[in-house]
Amino acid sequence: MRVDVHTHLWAGSGVPRFIRDYSSGRGGGSSVESGTERLLASMDRSGIDKAIAVALVPSPDLDDQEVSAINSYVASQVALAPDRLVRFCAVNPRSERATEILRSEVEDSGAQGLKIHGAMQEIDVDDRRLWPIYEFMEAHRLPILFHSGDIGVLPCTDTYTRATRFDEIACDFPELPMVLGHAGRIDFSTVAGLLRKHSNVYADISSVIGRDPGSRTWPLKNLLEVVKPWAGSTEHVLFGSDFPLYSVSETISVVDQLSGEIAAGVFGPTPLTLQDVIEVRDENAGRFLAKYCLI
């Protein structure tokens, strides 16, 4: 089963200027236009069976009511295709009602996971104020998709989501399913160490794409080549696109290009096999959804 673990659904009017500027500067099929119809069309073009659709809080200044409106929009969109989309909600982590709101989203509204974007919400992912949220998610054995590593979007800063910040979380919450969005780019060695040490930590490949057209596959190759020897396999590396900022087809094309290069022996000796890359594209994320009862 092909699964995309990292897609966004947002109302167009709620997309801030800095995200619009980033998208327009990227080109290559990048867009801020979202919604279930567009997401399903993108999935269908690339043979994606299911996707996790997340609620994104793009500012530290949104109050509980504004965050609830974001969650409600995503819920309404996922309800249009419940057989194909899995909903992750969001919270304002500074709110005194954060855990209460999270409980309602999960137990009353059917959210199956949580998205935390420390860089946009301007909070360290290892800030102790987040511990009650992590405790709740661990108790329910529900995953959190984190933004991890650099963000590459001005004016956001990278310090909140450094890959080194996730070790303490995984140590304190060993049963909490954690997905490191963007695989902690560009600190792949730290992520490999996390995957080696913690059985509850995963990484997705969204936006792990070279900016130089001649080396589009190199970041993904580098990620997989450092993860496999240290973690023992690439089974915890999941397919994700970051739709609509990165199209599903663009990410699939990079994975397919890398598959072709490995099959042709372009890189010479490598610990990667063609099967490793195929499983990242077609199998690992499906097994993740099945393990945590998201399908």
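Modeller: There are 20 salt bridges in the structure, counting a side-chain nitrogen of Lys or Arg within 4 Å of a carboxyl oxygen of Asp or Glu. Mind that this is a predicted model, where local features need pLDDT of at least 70 and side-chain atom pairs count only at pLDDT 80 or more, while totals for chains, interfaces and linings use all residues. Residues are numbered from 1 along each chain as its sequence is written, and side-chain values use heavy atoms, with hydrogens and water left out.

Let's start inside a helix. Glu107 and Arg103 pair through their side chains, with an N to O distance of 3.2 Å. Both belong to helix α4 (residues 98-107), and because they are 4 residues apart there, about one helical turn separates them; helices here are DSSP runs of H or I with at least four residues, strands are E runs of at least two, and numbering goes from the N terminus. Glu107 comes out as partly exposed at 44% relative accessible area, and Arg103 is partly exposed too, at 38%. The labels work like this: buried is under 20%, exposed is over 50%, and partly exposed is in between (1.4 Å probe, protein chains only).

As for solvent, Asp124 is partly exposed, with a relative accessible area of 24%, whereas Arg165 is buried, at 19%.

Arg165 also meets Asp126 in a salt bridge, at 2.8 Å from N to O. Asp126 lies in the loop between α5 and α6 and Arg165 in the loop between β5 and α7, so here the parts tied together are 39 residues apart in sequence.

One more group to click on: Arg2, Asp256, Arg281 and Asp282 are linked in a network of salt bridges. As a general point, side chains of opposite charge can pair when their charged atoms come close.
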